[in-house]
Amino acid sequence: MNDKNKILIFNPRSANAKHRMPNSILQVGASIYGKYDFVFVDGNLENDPWQKINSYFKTGEYKYFCSTVMPGPQLKQAIPLTKKIKEDYPDCITIWGGYFASNQYKACITSGFVDYIIDGPGDVAFPKLIDYLENNNASIKSNTENIKTIKNLIFLNSKGEIIKTPKEKLLDQDALPPLPYEHLNTFYPLKNYLHKTFLGRNTFSYHSSMGCPFTCSFCAVVPIYNGRWKAKTAKTIYKDVKYFKEKYNIEAIEFHDNNFFTSRKRVLEFSELIKNDNISWWGEGRIDTINKYSDEDLQFMKEAGCKMIFLGAETGNDEVLKQMNKGGTQTGSMIKQFVKRLQPIGIIPELSFVLGMPAKTPEKVMQQINEDIAFIKQIKEINPDAEIIIYLYSPVATEGSELYQQIQKAGFSFPKHLEDWLNPAWENFDLRKNPLTPWLTPKMVDKIMNFETVLNGYYPTATDFRIKGLKRSLLRGISKVRYQTGYYKYPYEIKLLHKIWKYRQPETQGFYNE
(Lines give C-alpha, C1' and ligand atoms only; values in the text may rest on other atoms or scores of the structure.)
Protein backbone atom coordinates (compact mmCIF):
# COMPACT_ATOMS: atom_id res chain seq x y z
CA MET A 1 0.00 0.00 0.00
CA ASN A 2 1.14 3.55 -0.80
CA ASP A 3 2.27 5.36 2.35
CA LYS A 4 1.29 8.77 0.94
CA ASN A 5 -2.36 8.10 0.15
CA LYS A 6 -3.84 7.19 3.51
CA ILE A 7 -7.43 8.01 4.29
CA LEU A 8 -8.93 9.62 7.40
CA ILE A 9 -12.62 8.89 8.01
CA PHE A 10 -14.23 11.36 10.40
CA ASN A 11 -17.43 11.12 12.43
CA PRO A 12 -18.29 14.64 13.70
CA ARG A 13 -19.77 15.02 17.16
CA SER A 14 -23.52 14.41 17.08
CA ALA A 15 -24.42 15.15 20.72
CA ASN A 16 -22.83 15.74 24.09
CA ALA A 17 -23.93 12.48 25.63
CA LYS A 18 -24.94 10.12 22.85
CA HIS A 19 -22.07 7.94 21.73
CA ARG A 20 -23.64 5.27 19.57
CA MET A 21 -21.75 2.85 17.40
CA PRO A 22 -20.71 4.98 14.37
CA ASN A 23 -22.29 2.72 11.76
CA SER A 24 -21.97 5.24 8.93
CA ILE A 25 -18.18 5.45 9.06
CA LEU A 26 -17.92 1.72 9.72
CA GLN A 27 -19.72 1.09 6.45
CA VAL A 28 -17.39 3.46 4.60
CA GLY A 29 -14.41 1.72 6.14
CA ALA A 30 -15.75 -1.69 5.17
CA SER A 31 -15.73 -0.67 1.50
CA ILE A 32 -11.95 -0.11 1.48
CA TYR A 33 -10.81 -2.45 4.24
CA GLY A 34 -7.71 -4.40 3.16
CA LYS A 35 -7.25 -2.22 0.08
CA TYR A 36 -6.29 1.20 1.44
CA ASP A 37 -4.85 2.26 4.78
CA PHE A 38 -7.31 4.29 6.78
CA VAL A 39 -7.94 5.58 10.28
CA PHE A 40 -11.11 6.50 12.13
CA VAL A 41 -11.54 9.71 14.11
CA ASP A 42 -14.73 9.91 16.16
CA GLY A 43 -15.60 13.45 17.24
CA ASN A 44 -17.91 12.04 19.91
CA LEU A 45 -14.95 10.55 21.77
CA GLU A 46 -12.35 13.26 21.15
CA ASN A 47 -12.02 16.36 23.33
CA ASP A 48 -10.24 18.09 20.45
CA PRO A 49 -10.76 16.24 17.16
CA TRP A 50 -8.67 18.76 15.23
CA GLN A 51 -5.63 17.87 17.31
CA LYS A 52 -6.07 14.21 16.39
CA ILE A 53 -6.79 14.96 12.71
CA ASN A 54 -3.84 17.31 12.41
CA SER A 55 -1.49 14.80 14.04
CA TYR A 56 -2.27 12.35 11.23
CA PHE A 57 -1.93 14.84 8.39
CA LYS A 58 1.32 16.29 9.75
CA THR A 59 2.99 12.96 8.99
CA GLY A 60 2.60 13.65 5.26
CA GLU A 61 1.03 10.22 4.76
CA TYR A 62 -2.62 11.30 4.49
CA LYS A 63 -4.22 12.41 1.25
CA TYR A 64 -7.97 12.05 1.85
CA PHE A 65 -10.20 13.64 4.48
CA CYS A 66 -13.63 11.99 4.47
CA SER A 67 -16.54 12.96 6.69
CA THR A 68 -20.05 11.74 7.24
CA VAL A 69 -22.34 14.74 7.68
CA MET A 70 -25.81 14.60 9.18
CA PRO A 71 -27.96 17.71 9.64
CA GLY A 72 -27.76 19.52 12.97
CA PRO A 73 -24.94 19.24 15.53
CA GLN A 74 -22.48 17.43 13.24
CA LEU A 75 -22.16 20.56 11.11
CA LYS A 76 -20.43 22.38 13.99
CA GLN A 77 -17.37 20.17 13.49
CA ALA A 78 -17.76 19.03 9.88
CA ILE A 79 -17.79 22.51 8.32
CA PRO A 80 -14.94 24.27 10.19
CA LEU A 81 -12.67 21.22 10.31
CA THR A 82 -13.09 20.43 6.61
CA LYS A 83 -12.37 24.06 5.78
CA LYS A 84 -9.30 24.08 8.04
CA ILE A 85 -7.90 20.85 6.61
CA LYS A 86 -8.22 22.36 3.13
CA GLU A 87 -6.49 25.56 4.23
CA ASP A 88 -3.62 23.83 6.03
CA TYR A 89 -3.24 20.96 3.55
CA PRO A 90 -4.42 22.32 0.18
CA ASP A 91 -3.45 19.14 -1.68
CA CYS A 92 -5.75 17.09 0.53
CA ILE A 93 -8.88 15.76 -1.19
CA THR A 94 -12.07 16.18 0.83
CA ILE A 95 -15.04 13.85 0.46
CA TRP A 96 -18.39 14.20 2.22
CA GLY A 97 -21.29 11.79 2.58
CA GLY A 98 -24.48 11.57 4.63
CA TYR A 99 -27.99 13.02 4.46
CA PHE A 100 -26.91 16.65 4.73
CA ALA A 101 -24.31 16.41 1.98
CA SER A 102 -26.81 14.77 -0.37
CA ASN A 103 -29.79 17.00 0.37
CA GLN A 104 -27.85 20.30 0.48
CA TYR A 105 -25.32 19.36 -2.18
CA LYS A 106 -25.30 22.75 -3.94
CA ALA A 107 -24.11 24.64 -0.86
CA CYS A 108 -21.61 21.89 -0.04
CA ILE A 109 -19.97 21.36 -3.42
CA THR A 110 -19.68 25.11 -4.15
CA SER A 111 -18.18 25.90 -0.73
CA GLY A 112 -14.62 25.71 -2.01
CA PHE A 113 -13.54 23.09 0.50
CA VAL A 114 -15.68 20.02 -0.29
CA ASP A 115 -14.31 18.29 -3.39
CA TYR A 116 -16.65 15.31 -3.77
CA ILE A 117 -19.96 14.14 -2.34
CA ILE A 118 -21.02 10.51 -2.12
CA ASP A 119 -24.72 10.83 -2.91
CA GLY A 120 -26.26 7.89 -1.07
CA PRO A 121 -24.65 4.53 -0.26
CA GLY A 122 -20.90 4.58 -0.79
CA ASP A 123 -20.23 0.83 -0.77
CA VAL A 124 -19.19 0.98 -4.44
CA ALA A 125 -18.93 4.72 -5.14
CA PHE A 126 -16.35 5.46 -2.45
CA PRO A 127 -13.74 2.80 -3.35
CA LYS A 128 -14.28 3.52 -7.06
CA LEU A 129 -13.64 7.21 -6.48
CA ILE A 130 -10.44 6.49 -4.57
CA ASP A 131 -9.36 4.04 -7.30
CA TYR A 132 -10.03 6.65 -9.95
CA LEU A 133 -8.08 9.37 -8.16
CA GLU A 134 -5.17 7.04 -7.45
CA ASN A 135 -4.97 5.31 -10.84
CA ASN A 136 -5.36 8.48 -12.87
CA ASN A 137 -3.40 10.70 -10.52
CA ALA A 138 -6.33 12.98 -11.26
CA SER A 139 -6.49 16.54 -10.06
CA ILE A 140 -9.81 17.88 -8.87
CA LYS A 141 -10.59 19.93 -11.99
CA SER A 142 -9.34 17.73 -14.79
CA ASN A 143 -10.07 14.46 -16.55
CA THR A 144 -13.68 14.29 -15.39
CA GLU A 145 -15.15 12.25 -18.24
CA ASN A 146 -14.25 8.83 -16.85
CA ILE A 147 -15.34 9.79 -13.36
CA LYS A 148 -18.89 10.26 -14.65
CA THR A 149 -19.21 6.48 -14.83
CA ILE A 150 -19.10 6.30 -11.02
CA LYS A 151 -22.67 6.32 -9.72
CA ASN A 152 -23.83 8.11 -6.54
CA LEU A 153 -21.32 10.93 -7.01
CA ILE A 154 -21.52 14.75 -7.04
CA PHE A 155 -18.62 17.01 -8.03
CA LEU A 156 -17.66 20.12 -10.00
CA ASN A 157 -16.23 19.69 -13.48
CA SER A 158 -13.44 21.85 -14.96
CA LYS A 159 -16.00 24.52 -15.90
CA GLY A 160 -17.30 24.74 -12.34
CA GLU A 161 -20.56 23.01 -13.25
CA ILE A 162 -22.21 20.67 -10.75
CA ILE A 163 -22.25 17.09 -12.00
CA LYS A 164 -24.61 14.54 -10.42
CA THR A 165 -24.08 11.01 -11.68
CA PRO A 166 -26.97 8.49 -11.84
CA LYS A 167 -28.16 6.67 -8.75
CA GLU A 168 -26.94 3.12 -8.23
CA LYS A 169 -29.38 0.32 -7.50
CA LEU A 170 -29.37 -0.72 -3.87
CA LEU A 171 -27.07 -3.67 -3.35
CA ASP A 172 -27.66 -7.05 -1.75
CA GLN A 173 -26.91 -6.09 1.86
CA ASP A 174 -25.78 -9.62 2.75
CA ALA A 175 -23.17 -9.48 -0.03
CA LEU A 176 -21.46 -6.39 1.39
CA PRO A 177 -18.24 -6.81 3.37
CA PRO A 178 -18.64 -7.08 7.14
CA LEU A 179 -18.23 -3.92 9.18
CA PRO A 180 -14.66 -3.58 10.50
CA TYR A 181 -15.57 -3.53 14.19
CA GLU A 182 -12.16 -4.76 15.31
CA HIS A 183 -10.42 -2.09 13.23
CA LEU A 184 -12.51 0.56 15.01
CA ASN A 185 -11.62 -1.12 18.29
CA THR A 186 -7.94 -0.28 17.69
CA PHE A 187 -8.84 3.43 17.81
CA TYR A 188 -11.75 3.46 20.25
CA PRO A 189 -12.68 0.52 22.48
CA LEU A 190 -16.04 -0.79 21.32
CA LYS A 191 -17.24 -0.97 24.93
CA ASN A 192 -17.28 2.86 24.89
CA TYR A 193 -20.24 2.67 22.51
CA LEU A 194 -22.28 0.29 24.66
CA HIS A 195 -24.30 1.96 27.42
CA LYS A 196 -27.12 1.28 29.81
CA THR A 197 -30.43 2.61 28.45
CA PHE A 198 -34.04 1.97 29.45
CA LEU A 199 -33.82 -1.03 27.08
CA GLY A 200 -31.03 -2.69 29.08
CA ARG A 201 -27.31 -2.71 29.80
CA ASN A 202 -24.72 -2.48 27.02
CA THR A 203 -27.19 -1.27 24.41
CA PHE A 204 -25.91 -1.86 20.87
CA SER A 205 -26.81 0.35 17.88
CA TYR A 206 -27.26 -1.45 14.58
CA HIS A 207 -28.37 -0.72 11.01
CA SER A 208 -29.93 -3.70 9.26
CA SER A 209 -31.40 -2.17 6.09
CA MET A 210 -30.95 0.65 3.61
CA GLY A 211 -33.62 3.10 2.48
CA CYS A 212 -37.41 3.03 2.78
CA PRO A 213 -40.09 1.94 0.29
CA PHE A 214 -42.22 5.04 0.92
CA THR A 215 -41.86 8.64 -0.33
CA CYS A 216 -43.15 10.92 2.44
CA SER A 217 -42.74 14.52 1.31
CA PHE A 218 -41.23 15.69 4.63
CA CYS A 219 -38.55 12.98 4.95
CA ALA A 220 -34.83 13.56 4.29
CA VAL A 221 -34.36 9.94 3.21
CA VAL A 222 -36.64 10.20 0.17
CA PRO A 223 -34.37 12.25 -2.15
CA ILE A 224 -31.54 9.80 -1.52
CA TYR A 225 -33.31 6.46 -1.91
CA ASN A 226 -36.38 7.36 -3.99
CA GLY A 227 -38.61 4.73 -2.40
CA ARG A 228 -36.07 1.91 -2.52
CA TRP A 229 -35.32 -0.53 0.33
CA LYS A 230 -32.87 -3.40 0.77
CA ALA A 231 -32.20 -5.35 3.94
CA LYS A 232 -29.88 -7.85 5.53
CA THR A 233 -31.44 -11.22 6.22
CA ALA A 234 -32.43 -12.17 9.75
CA LYS A 235 -29.52 -14.67 9.88
CA THR A 236 -26.97 -11.99 8.98
CA ILE A 237 -28.35 -9.63 11.63
CA TYR A 238 -28.33 -12.35 14.25
CA LYS A 239 -24.75 -13.28 13.44
CA ASP A 240 -23.63 -9.75 14.35
CA VAL A 241 -25.88 -9.66 17.41
CA LYS A 242 -24.52 -12.99 18.60
CA TYR A 243 -20.95 -11.69 18.24
CA PHE A 244 -21.67 -8.71 20.48
CA LYS A 245 -23.67 -10.81 22.91
CA GLU A 246 -20.83 -13.27 23.37
CA LYS A 247 -18.01 -10.71 23.43
CA TYR A 248 -19.63 -7.70 25.13
CA ASN A 249 -22.69 -9.18 26.83
CA ILE A 250 -25.14 -6.78 25.20
CA GLU A 251 -28.65 -6.79 26.64
CA ALA A 252 -30.37 -4.47 24.15
CA ILE A 253 -30.36 -3.27 20.54
CA GLU A 254 -31.48 -0.04 18.90
CA PHE A 255 -32.22 -0.69 15.21
CA HIS A 256 -31.67 2.62 13.44
CA ASP A 257 -33.10 1.52 10.11
CA ASN A 258 -35.40 4.01 8.42
CA ASN A 259 -38.00 1.23 8.38
CA PHE A 260 -37.02 -1.92 10.26
CA PHE A 261 -40.46 -3.56 9.99
CA THR A 262 -40.94 -3.41 6.20
CA SER A 263 -40.72 -7.20 5.86
CA ARG A 264 -42.92 -9.10 8.31
CA LYS A 265 -41.18 -12.36 7.32
CA ARG A 266 -37.75 -10.97 8.21
CA VAL A 267 -38.94 -9.55 11.54
CA LEU A 268 -40.53 -12.82 12.60
CA GLU A 269 -37.47 -14.82 11.50
CA PHE A 270 -35.26 -12.51 13.56
CA SER A 271 -37.63 -12.82 16.52
CA GLU A 272 -37.36 -16.60 16.30
CA LEU A 273 -33.56 -16.43 16.31
CA ILE A 274 -33.24 -14.00 19.23
CA LYS A 275 -36.12 -15.10 21.45
CA ASN A 276 -33.95 -17.04 23.93
CA ASP A 277 -31.11 -14.50 24.22
CA ASN A 278 -32.76 -12.18 26.76
CA ILE A 279 -32.15 -9.13 24.57
CA SER A 280 -34.57 -6.20 24.40
CA TRP A 281 -34.85 -4.25 21.18
CA TRP A 282 -36.29 -1.11 19.61
CA GLY A 283 -36.86 -0.20 15.96
CA GLU A 284 -38.58 2.25 13.64
CA GLY A 285 -41.59 1.40 11.51
CA ARG A 286 -44.85 2.54 9.93
CA ILE A 287 -48.24 2.09 11.52
CA ASP A 288 -49.98 0.94 8.34
CA THR A 289 -47.23 -1.66 7.79
CA ILE A 290 -47.16 -3.14 11.28
CA ASN A 291 -50.93 -2.92 11.59
CA LYS A 292 -51.02 -5.76 9.05
CA TYR A 293 -49.19 -7.99 11.54
CA SER A 294 -51.52 -10.24 13.51
CA ASP A 295 -51.88 -9.97 17.29
CA GLU A 296 -50.03 -13.29 17.45
CA ASP A 297 -47.12 -11.76 15.49
CA LEU A 298 -46.95 -8.78 17.82
CA GLN A 299 -47.15 -11.01 20.90
CA PHE A 300 -44.33 -13.16 19.54
CA MET A 301 -42.19 -10.05 18.90
CA LYS A 302 -42.84 -8.92 22.48
CA GLU A 303 -41.79 -12.32 23.83
CA ALA A 304 -38.66 -12.12 21.63
CA GLY A 305 -37.64 -8.82 23.23
CA CYS A 306 -39.39 -6.07 21.25
CA LYS A 307 -39.93 -3.39 23.90
CA MET A 308 -40.77 -0.25 21.93
CA ILE A 309 -41.48 0.73 18.33
CA PHE A 310 -40.90 4.23 16.97
CA LEU A 311 -43.83 5.05 14.68
CA GLY A 312 -44.37 8.02 12.39
CA ALA A 313 -47.90 9.05 13.33
CA GLU A 314 -47.23 12.61 12.01
CA THR A 315 -50.82 13.87 12.46
CA GLY A 316 -54.33 12.69 13.14
CA ASN A 317 -55.61 14.85 10.28
CA ASP A 318 -56.25 12.75 7.16
CA GLU A 319 -56.04 15.79 4.86
CA VAL A 320 -52.60 16.69 6.20
CA LEU A 321 -51.48 13.07 5.85
CA LYS A 322 -52.32 13.34 2.15
CA GLN A 323 -50.40 16.63 1.94
CA MET A 324 -47.40 14.85 3.42
CA ASN A 325 -47.64 12.26 0.63
CA LYS A 326 -47.10 9.58 3.23
CA GLY A 327 -48.47 6.89 0.95
CA GLY A 328 -49.88 3.64 2.26
CA THR A 329 -53.18 3.51 4.10
CA GLN A 330 -52.55 5.30 7.40
CA THR A 331 -55.38 7.38 8.84
CA GLY A 332 -56.10 9.05 12.15
CA SER A 333 -58.49 6.28 13.13
CA MET A 334 -55.85 3.65 12.30
CA ILE A 335 -53.37 5.35 14.64
CA LYS A 336 -55.89 5.14 17.50
CA GLN A 337 -56.73 1.54 16.70
CA PHE A 338 -53.08 0.50 16.58
CA VAL A 339 -52.00 2.08 19.88
CA LYS A 340 -55.01 0.37 21.47
CA ARG A 341 -53.91 -2.99 20.00
CA LEU A 342 -50.42 -2.62 21.44
CA GLN A 343 -51.47 -1.85 25.01
CA PRO A 344 -52.46 -5.37 26.17
CA ILE A 345 -49.50 -6.84 24.30
CA GLY A 346 -47.09 -4.58 26.16
CA ILE A 347 -45.07 -3.11 23.29
CA ILE A 348 -44.71 0.64 23.84
CA PRO A 349 -45.65 2.76 20.80
CA GLU A 350 -43.34 5.78 20.46
CA LEU A 351 -45.30 8.10 18.20
CA SER A 352 -43.76 11.05 16.41
CA PHE A 353 -45.93 13.97 15.36
CA VAL A 354 -45.03 16.75 12.92
CA LEU A 355 -46.83 19.98 13.80
CA GLY A 356 -46.84 23.23 11.84
CA MET A 357 -47.44 22.11 8.28
CA PRO A 358 -48.19 24.93 5.80
CA ALA A 359 -51.80 25.81 5.02
CA LYS A 360 -53.69 28.39 2.96
CA THR A 361 -54.26 30.77 5.88
CA PRO A 362 -52.72 31.42 9.31
CA GLU A 363 -56.06 30.49 10.87
CA LYS A 364 -55.92 27.10 9.15
CA VAL A 365 -52.37 26.50 10.39
CA MET A 366 -53.43 27.23 13.98
CA GLN A 367 -56.52 25.07 13.57
CA GLN A 368 -54.35 22.14 12.48
CA ILE A 369 -52.06 22.67 15.48
CA ASN A 370 -54.99 22.67 17.91
CA GLU A 371 -56.47 19.58 16.29
CA ASP A 372 -53.16 17.70 16.57
CA ILE A 373 -52.79 18.67 20.23
CA ALA A 374 -56.30 17.36 20.90
CA PHE A 375 -55.49 14.18 18.95
CA ILE A 376 -52.31 13.58 20.96
CA LYS A 377 -54.30 13.87 24.19
CA GLN A 378 -56.78 11.32 22.82
CA ILE A 379 -53.90 8.93 22.13
CA LYS A 380 -52.72 9.25 25.73
CA GLU A 381 -56.24 8.46 26.94
CA ILE A 382 -56.36 5.33 24.77
CA ASN A 383 -52.87 4.16 25.76
CA PRO A 384 -51.20 6.13 28.57
CA ASP A 385 -47.97 4.20 27.96
CA ALA A 386 -47.65 5.65 24.45
CA GLU A 387 -44.59 7.86 24.13
CA ILE A 388 -45.09 11.12 22.22
CA ILE A 389 -42.37 12.84 20.19
CA ILE A 390 -43.21 16.28 18.80
CA TYR A 391 -41.37 17.90 15.90
CA LEU A 392 -41.94 21.23 14.25
CA TYR A 393 -42.23 20.81 10.52
CA SER A 394 -38.83 21.47 8.94
CA PRO A 395 -38.91 21.40 5.12
CA VAL A 396 -36.86 18.74 3.41
CA ALA A 397 -39.30 18.43 0.53
CA THR A 398 -38.10 16.90 -2.71
CA GLU A 399 -37.55 19.43 -5.49
CA GLY A 400 -40.48 19.46 -7.88
CA SER A 401 -42.96 18.04 -5.38
CA GLU A 402 -46.23 19.84 -4.64
CA LEU A 403 -45.15 20.46 -1.04
CA TYR A 404 -41.81 21.87 -2.20
CA GLN A 405 -43.62 24.35 -4.44
CA GLN A 406 -45.92 25.25 -1.57
CA ILE A 407 -43.11 26.11 0.86
CA GLN A 408 -41.29 28.13 -1.80
CA LYS A 409 -44.42 30.18 -2.47
CA ALA A 410 -44.66 30.79 1.26
CA GLY A 411 -41.19 32.39 1.17
CA PHE A 412 -39.03 29.65 2.69
CA SER A 413 -35.52 28.98 1.42
CA PHE A 414 -32.41 27.20 2.65
CA PRO A 415 -29.04 28.95 3.13
CA LYS A 416 -27.13 29.36 -0.12
CA HIS A 417 -23.71 29.28 1.57
CA LEU A 418 -22.47 26.30 3.53
CA GLU A 419 -21.07 28.26 6.47
CA ASP A 420 -24.44 29.95 7.01
CA TRP A 421 -25.64 26.58 8.32
CA LEU A 422 -23.48 27.20 11.41
CA ASN A 423 -26.02 29.75 12.61
CA PRO A 424 -27.55 28.25 15.79
CA ALA A 425 -31.03 28.82 14.39
CA TRP A 426 -30.30 26.41 11.54
CA GLU A 427 -28.99 23.79 13.97
CA ASN A 428 -32.31 23.96 15.78
CA PHE A 429 -34.05 23.80 12.42
CA ASP A 430 -32.26 20.53 11.68
CA LEU A 431 -33.31 19.18 15.07
CA ARG A 432 -36.87 20.22 14.14
CA LYS A 433 -37.07 22.57 17.12
CA ASN A 434 -36.95 25.90 15.26
CA PRO A 435 -38.73 25.84 11.91
CA LEU A 436 -37.68 29.24 10.46
CA THR A 437 -40.79 28.87 8.30
CA PRO A 438 -42.68 32.05 7.41
CA TRP A 439 -46.16 30.56 7.90
CA LEU A 440 -45.52 29.72 11.57
CA THR A 441 -45.91 32.74 13.84
CA PRO A 442 -44.16 33.01 17.23
CA LYS A 443 -47.56 32.48 18.85
CA MET A 444 -47.96 29.17 17.01
CA VAL A 445 -44.46 27.98 17.89
CA ASP A 446 -45.00 28.92 21.55
CA LYS A 447 -48.28 26.99 21.57
CA ILE A 448 -46.56 23.84 20.31
CA MET A 449 -43.48 24.11 22.50
CA ASN A 450 -45.43 24.94 25.66
CA PHE A 451 -47.78 22.02 25.07
CA GLU A 452 -44.76 19.76 24.64
CA THR A 453 -43.35 20.98 27.96
CA VAL A 454 -46.63 20.33 29.77
CA LEU A 455 -46.99 16.93 28.09
CA ASN A 456 -43.46 15.97 29.14
CA GLY A 457 -44.33 17.06 32.66
CA TYR A 458 -47.57 15.13 32.98
CA TYR A 459 -46.24 12.14 31.05
CA PRO A 460 -42.42 12.04 31.52
CA THR A 461 -40.71 9.80 28.99
CA ALA A 462 -40.04 6.26 30.16
CA THR A 463 -36.74 6.32 28.27
CA ASP A 464 -35.17 8.64 30.87
CA PHE A 465 -35.16 6.09 33.67
CA ARG A 466 -33.82 8.60 36.21
CA ILE A 467 -37.26 10.30 36.31
CA LYS A 468 -39.10 7.93 38.60
CA GLY A 469 -40.63 7.73 42.05
CA LEU A 470 -40.85 11.10 43.79
CA LYS A 471 -39.45 13.00 40.78
CA ARG A 472 -42.07 11.56 38.48
CA SER A 473 -44.88 12.19 40.96
CA LEU A 474 -43.78 15.79 41.50
CA LEU A 475 -43.58 16.48 37.77
CA ARG A 476 -47.01 14.99 37.16
CA GLY A 477 -48.46 16.87 40.12
CA ILE A 478 -47.37 20.34 39.02
CA SER A 479 -48.37 19.62 35.39
CA LYS A 480 -51.80 18.10 36.07
CA VAL A 481 -53.93 21.24 36.11
CA ARG A 482 -52.25 22.66 33.02
CA TYR A 483 -52.66 19.43 31.07
CA GLN A 484 -56.25 18.86 32.04
CA THR A 485 -57.42 22.46 31.50
CA GLY A 486 -55.38 23.14 28.36
CA TYR A 487 -53.58 26.12 29.86
CA TYR A 488 -50.07 25.74 28.44
CA LYS A 489 -48.69 29.29 28.56
CA TYR A 490 -45.55 30.08 30.54
CA PRO A 491 -44.88 26.61 32.03
CA TYR A 492 -41.77 27.86 33.82
CA GLU A 493 -42.21 25.64 36.87
CA ILE A 494 -42.07 22.53 34.66
CA LYS A 495 -39.11 23.85 32.68
CA LEU A 496 -37.25 24.51 35.93
CA LEU A 497 -37.63 20.91 37.11
CA HIS A 498 -36.65 19.63 33.66
CA LYS A 499 -33.52 21.78 33.83
CA ILE A 500 -32.62 20.80 37.38
CA TRP A 501 -33.03 17.10 36.62
CA LYS A 502 -31.51 17.42 33.12
CA TYR A 503 -34.57 15.86 31.56
CA ARG A 504 -33.60 13.98 28.41
CA GLN A 505 -35.73 14.41 25.27
CA PRO A 506 -35.10 11.33 23.12
CA GLU A 507 -35.88 13.10 19.83
CA THR A 508 -32.85 15.41 20.16
CA GLN A 509 -30.48 13.52 22.46
CA GLY A 510 -31.36 9.86 22.10
CA PHE A 511 -32.23 7.61 25.01
CA TYR A 512 -30.69 8.56 28.33
CA ASN A 513 -27.69 6.34 28.91
CA GLU A 514 -25.10 5.61 31.55
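A residue is called buried when its relative accessible area is under 20%, exposed when that value is over 50%, and partly exposed in between, with a 1.4 Å probe and protein chains only. Helices (H or I, at least four residues) and strands (E, at least two) are DSSP runs, numbered from the N terminus. Helix 6 (residues 125–135) is mostly covered, with eight of its 11 residues buried. The model is predicted, so to speak of local features requires pLDDT of at least 70 and side-chain atom pairs count only at pLDDT 80 or more, while totals for chains, interfaces and linings use all residues. Residues are numbered from 1 along each chain as its sequence is written, and side-chain values use heavy atoms, with hydrogens and water left out.The buried residues of helix 6 are A125, F126, P127, L129, I130, D131, Y132 and L133. Contact means heavy atoms within 4.5 Å. What covers these residues includes strand 1 (6–11), helix 1 (23–32), strand 3 (62–68), strand 4 (93–97), strand 5 (116–118) and strand 6 (153–156).

Several of these strands belong to one sheet. Two strands pair if DSSP finds at least two bridges between them. An open sheet of seven strands runs in the order 2-1-3-4-5-6-7, with mixed pairing. Its edges are strand 2 (38–42) and strand 7 (162–164), each of which pairs on one side only. Neighbouring strands are turned by 20° against each other on average, direction ignored. Strands 5 and 6 run antiparallel and are joined by three bridges; within this pairing, Y116 has F155 of strand 6 as its bridge partner. Helix 2 (residues 49–57) packs on the sheet, where it touches strand 1, strand 2 and strand 3, and its direction makes about 150° with that of strand 3. Helix 6 also packs on this sheet, touching strand 1, strand 3, strand 4, strand 5 and strand 6, at about 155° to the direction of strand 3. For such angles, axes are lines fitted to C-alpha atoms, for helices over the stretch in contact, and the values run from 0 to 180 degrees between N-to-C directions.

A further open sheet has seven strands in the order 8-9-12-13-14-15-16, again with mixed pairing. Strand 8 (195–197) and strand 16 (387–392) are its edge strands, each pairing on one side only. From one strand to the next, the twist averages 30°. Strand 12 pairs with strand 13 (residues 280–285) in the parallel sense over three bridges, and A252 stands opposite S280 in strand 13. Helix 9 (residues 234–248) lies across strand 9 (200–206) and strand 12, running at about 145° to strand 9. Helix 15 (residues 362–382) packs on the sheet through strand 15 (348–355) and strand 16, with its direction at about 175° to that of strand 15.

The next topic is the nonpolar interior. A nonpolar core is a set of buried Ala, Val, Leu, Ile, Met, Phe, Trp, Tyr and Cys residues joined through side-chain atoms within 4.5 Å. The largest such core has 142 residues, of which I253, W281 and M301 touch the most other members. Leaving aside neighbours within four places in sequence, I253 is in contact with residues including L199, F204, V241, F270, I279 and W281. Apart from this core lies another, of 10 residues, among them A252, W282, I389 and F465.

Aromatic rings form a further set of links. Rings of Phe, Tyr and Trp (its six-membered ring) pair if their centres lie within 6.5 Å; planes under 30 degrees apart count as stacked, over 60 as edge-to-face and the rest as tilted. Across the whole structure there are 32 aromatic pairs. F255 and F270 make an edge-to-face pair because their planes stand at 90°, with the ring centres 5.4 Å apart. This pair links distant parts of the chain, F255 in strand 12 (residues 252–255) and F270 in helix 10 (residues 264–274), 15 residues apart. F255 counts as buried at 0% relative accessibility, and F270 is buried with a relative accessible area of 0%. The pair of Y458 and Y483 is stacked, at 4.8 Å centre to centre and 25° between the planes. It joins helix 18 (residues 442–458), which holds Y458, to helix 19 (residues 469–485), which holds Y483, across 25 residues. Both tyrosines, Y458 and Y483, are buried. Ring pairs also link a cluster that includes Y181, F204, Y243, F255, F270 and W281.

Charges meet some of the rings. A charge sits over a ring if NZ of Lys or CZ of Arg is within 6 Å of the ring centre and within 35 degrees of the ring normal. The charged end of K377 sits over the ring of Y483, 4.6 Å from its centre, and that of R476 sits over the ring of Y459, 5.2 Å from its centre.
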